[in-house]
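I opened this notebook to record what I looked up in one structure, entry by entry.

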Amino acid sequence: GITDPTGQLAWLEQQLSDARAKGERVLMLGHIPMGPLEGKTQPRCMIEYGTKYDKLAVEYSDVIIVHTYGHTHTDYFRVVRDQTTKKAAGLFMVSPAVTPYQMHNPTVRQFIYNRTTHELIDLRQFYTSIVDDNEAGKITWKLEYSARDLYDLPDMSPASFDDLVNRMRTNRLLFDAFYTFYESSGRGPGSKICDDRCYKRWLCVLGTAFAEETVDCLAQGGVAVT
């Protein structure tokens, strides 16, 4: 199969290697998240291509600060896991949008980071209510949540988010807090309550960014989106 169309991944690896040699840190920005989206078994890019990207994410986890994506207009994260050690090595963070697509409230994301080490300190999500704004005739931005406060995280490391997923497995209320903000504090007409199948499906999604590992988890639980 084609594993590196137009040499993009070779270019990326060289950039990451150069950054490491210079002692630089890197923010990875993309539009569509790698791997299957939100519990679906069909990846949005070729598995070979996505897997190679994920392996680069692991190999250069000391260089990459975080991977940020959009496209879905929803709010979630995925743990990048070393396929050999199974330890968390990175984070894919998917941001909701300013546009009120599918009745979601407009949102803005703020990353707080250390200007010396470039490590993430916190993530703050802000939103504005379309209904309230229309009634008031003005836009008012409100703090939706702080990731550190909402999830009681000691830091913003991949290991802390991996532990968060494990805590969600035994604490449904903690998962429900995540799901409340998944649609930006505004559930559209097509929204559904997250039942037990939905809950198990999301644990698969949050727990790994690798496509094959995600599909295996969904198959074992029988909770893939059809």
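**Disulfides.** My search of the whole structure for disulfides, taken as pairs of cysteine sulfur atoms within 2.5 Å, returned two. I note at the outset that this is a predicted model, in which local features need pLDDT of at least 70 and side-chain atom pairs count only at pLDDT 80 or more, while totals for chains, interfaces and linings use all residues. Residues are numbered from 1 along each chain as its sequence is written, and side-chain values use heavy atoms, with hydrogens and water left out.

I looked up Cys194 and found it joined to Cys198, with an S to S distance of 2.0 Å; this link is left-handed, with -100° about the S-S bond. Both Cys194 and Cys198 are buried, where buried means under 20% relative accessible area, exposed means over 50%, and partly exposed lies in between (1.4 Å probe, protein chains only).

The other disulfide I followed joins Cys204 to Cys217, again with S to S 2.0 Å. I take helices (H or I, at least four residues) and strands (E, at least two) as DSSP runs, numbered from the N terminus. Cys204 counts as buried because its relative accessibility is 5%, whereas Cys217, with a relative accessible area of 28%, is partly exposed. Counting bonded cysteines along the chain, I wrote down the pattern 1-2, 3-4.

**Salt bridges.** How many salt bridges does a search of the whole structure find? I got nine, requiring a side-chain nitrogen of Lys or Arg within 4 Å of a carboxyl oxygen of Asp or Glu.

I looked at Glu119 and Arg25, whose closest N and O atoms are 2.8 Å apart in a salt bridge. This pair links distant parts of the chain, with Glu119 in the loop between strand 5 and strand 6 and Arg25 in the loop between helix 1 (8-22) and strand 1, 94 residues apart. Glu119 is partly exposed, with a relative accessible area of 40%, and Arg25 also counts as partly exposed, at 25% relative accessibility.

I then checked Glu213 and Lys86, whose side chains meet in a salt bridge at 3.3 Å, N to O. Glu213 lies in helix 8 and Lys86 in the loop between strand 3 (76-81) and strand 4, so the pair ties together parts that are 127 residues apart in sequence. Lys86 counts as partly exposed, at 40% relative accessibility.

Asp196 and Lys200 form a salt bridge through their side chains (3.3 Å, N to O). They both lie in helix 7, four residues apart, or about one turn of the helix. Asp196 counts as partly exposed at 43% relative accessibility, and Lys200 is partly exposed with a relative accessible area of 43%.

**Strands.** I counted two strands as paired if DSSP finds at least two bridges between them. Strand 2 (residues 64-69) has five of its six residues buried, so I noted that it is largely enclosed by the rest of the structure. Strand 2 pairs with strand 1 (residues 26-29) in the parallel sense over four bridges, with Val26 opposite Ile64. Strand 2 also pairs with strand 4 (residues 88-94) in the parallel sense, over three bridges, and here Thr68 stands opposite Met93.

Strand 5 (residues 107-113) and strand 6 (residues 120-127) run antiparallel and are joined by seven bridges, with Phe111 opposite Leu123. In their hairpin, which has six residues between the strands, I found that His118 takes a positive phi near 70°.

**Core.** In soluble globular proteins, nonpolar side chains tend to be buried together. I looked for sets of buried Ala, Val, Leu, Ile, Met, Phe, Trp, Tyr and Cys residues joined through side-chain atoms within 4.5 Å, which is what I call a nonpolar core. The largest has 52 residues, and those with the most contacts inside it are Phe161, Met168, Phe178 and Trp202.

I followed up Met168, taking contact to mean heavy atoms within 4.5 Å. Leaving aside its neighbours within four places in sequence, Met168 is in contact with Tyr151, Leu174, Phe175, Phe178, Tyr199, Leu203 and Leu206.
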